[in-house]
Amino acid sequence: MLLIKLAAVLTLVALLTSLGVAQQTGSTTKEADKTITPESLVGQYVITSGEKEGVKEPDERIKGTTVTFTKEKVIVADKDKKEIYSASYTLDTTTTPCEITMTSQVKDSVGEIARGLIQKDKDDDKVVRLIYALPTGEIPKEFKTKEKQLMFVLKKQAIPTSNGR
């Protein structure tokens, strides 16, 4: 009889433990699936790392490069603050990670479309990952580049105001 009671208690403990683990896993998933909106993206970012076609981008290529999001546009500037890319963009906020469609506004490539994914870091709201395919590349389904795909990690910067506030 004692053995049966002990087995019942151990079963109950195992069941409660697995329920607790399931609840913790669920909350972590929700935390990682932060919704991105155009309003939440607005700001200036620096590129902290990059990857092209499965290969890490050299630091000297991305160092000092900034990405600025408005509610409608994304603008990339090099270390000399020269605009090197601009596009209008739309987000599909019903997907996780969020899908992004960028339509080039650069003179030589006006209207070309790049599609990809964008996601905020689960631990730091100021960090955003962006992966996208060049116009003839396969649209990414995960944050790992393949042929004709680029990925960047961006960190949002505080922009000082001209009046020092």
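## Aromatic pairs

Rings of Phe, Tyr and Trp (its six-membered ring) pair if their centres lie within 6.5 Å; planes under 30 degrees apart count as stacked, over 60 as edge-to-face and the rest as tilted. Tyr45, Phe69 and Tyr89 form one aromatic cluster. This is a predicted model: local features need pLDDT of at least 70, side-chain atom pairs count only at pLDDT 80 or more, and totals for chains, interfaces and linings use all residues. Residues are numbered from 1 along each chain as its sequence is written, and side-chain values use heavy atoms, with hydrogens and water left out.

## Phe69 and Tyr89

Three aromatic pairs turn up in a search of the whole structure. One of them joins Phe69 and Tyr89 edge-to-face, at 5.5 Å centre to centre and 90 degrees between the planes. Phe69 lies in strand β3 (residues 66-69) and Tyr89 in strand β5 (residues 83-92), so the pair ties together parts 20 residues apart in sequence. Strands are DSSP runs (E, at least two residues), numbered from the N terminus.

Phe69 is buried at 1% relative accessibility. Tyr89 is buried too, at 6%. Buried means under 20% relative accessible area (1.4 Å probe, protein chains only).

## Tyr132 and Phe152

Tyr132 and Phe152 form a tilted pair: 6.5 Å centre to centre, 35 degrees between the planes. Tyr132 sits in strand β8 (residues 127-133) and Phe152 in strand β9 (residues 149-157); the pair links distant parts of the chain, 20 residues apart. Both Tyr132 and Phe152 are buried.

## A charge over a ring

Arg129 lies over the face of Phe143, 4.0 Å from the ring centre. The criterion is NZ of Lys or CZ of Arg within 6 Å of the ring centre and within 35 degrees of the ring normal.

Definitions and conventions. Helix = DSSP H or I, 4+ residues; strand = E, 2+ residues; numbered from the N terminus. Buried < 20%, exposed > 50% of the residue type's maximum accessible area, 1.4 Å probe, protein only.
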